[in-house]
Amino acid sequence: MDAIAMARELGKAIQQDERFIRMMAQQQTSDADPQLQELIGQFNLKRIDLNAELNREEKDQDRINAINNEVREIYSKIMANENMAAYNAAKNELDELVEYVMQILRGSINGEDPELIELQSGCSGSCSSCSGCH
């Protein structure tokens, strides 16, 4: 089997993994949560307002600060939503799996024995999959 065919098989295996299935189920639950979707809509509209205000030639710093505070408040409400929290937890688990697979691939490309490559934790540079710096 060539590398591309094996990559396709790996993709199928990931889609059958419980972490992927859990993340997809949580995404559907979050998408079906009307309160969460309303907050996300408000958040997106406020970000548009903020960007418009930031792009004006004559900026009104008080208005920018007020909109920015509203954006932060809505974001806090989104992140406090139990469905969003469950989605984020499931996504983090899937991201860890994908990072491990990527470490195996990167190590293999660099000549390491794929059987000996273990999950290395640390800053990947992507804050989206981070549980916080220590």
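In the predicted model, Gln103 is in contact with Ile117, Glu118, Leu119 and Gln120, leaving aside residues up to four places away in sequence. One of these contacts involves a polar pair: a polar atom of the Gln103 side chain is located 2.7 Å from the backbone nitrogen of Gln120. Gln103 itself belongs to helix α5, which comprises residues 82-109. The relative accessible area of Gln103 is 13%; because this value falls under the 20% limit, the residue is classed as buried.

Helix α5 also takes part in covering the buried residues of α3, as do α2 (18-31) and α4 (61-80).

The buried positions of α3 are Leu36, Leu39, Phe43, Leu50 and Glu53. Viewed down the helix axis, the buried residues of α3 fall within an arc of 100°, and therefore line one face of the helix. In general, an α-helix has 3.6 residues a turn, so residues three or four places apart point the same way. Pro34, Leu45 and Ile48, on the other side of α3, are exposed.

The N-terminal end of α3 is capped by Asp33. A side-chain oxygen of Asp33 lies 3.0 Å from the backbone nitrogen of Gln35.

Note on methods
Residues are numbered from 1 along each chain as its sequence is written. This is a predicted model: local features need pLDDT of at least 70, side-chain atom pairs count only at pLDDT 80 or more; totals for chains, interfaces and linings use all residues. Side-chain values use heavy atoms; hydrogens and water are left out. Helices (H or I, at least four residues) and strands (E, at least two) are DSSP runs, numbered from the N terminus. Buried means under 20% relative accessible area, exposed over 50%, partly exposed in between (1.4 Å probe, protein chains only). A polar contact is a pair of N or O atoms within 3.5 Å; within protein, one must be able to donate a hydrogen and the other to accept it, and residues adjacent in sequence count only if both atoms are side-chain atoms. Contact means heavy atoms within 4.5 Å. The arc is that of the directions from the helix axis to the C-beta atoms.
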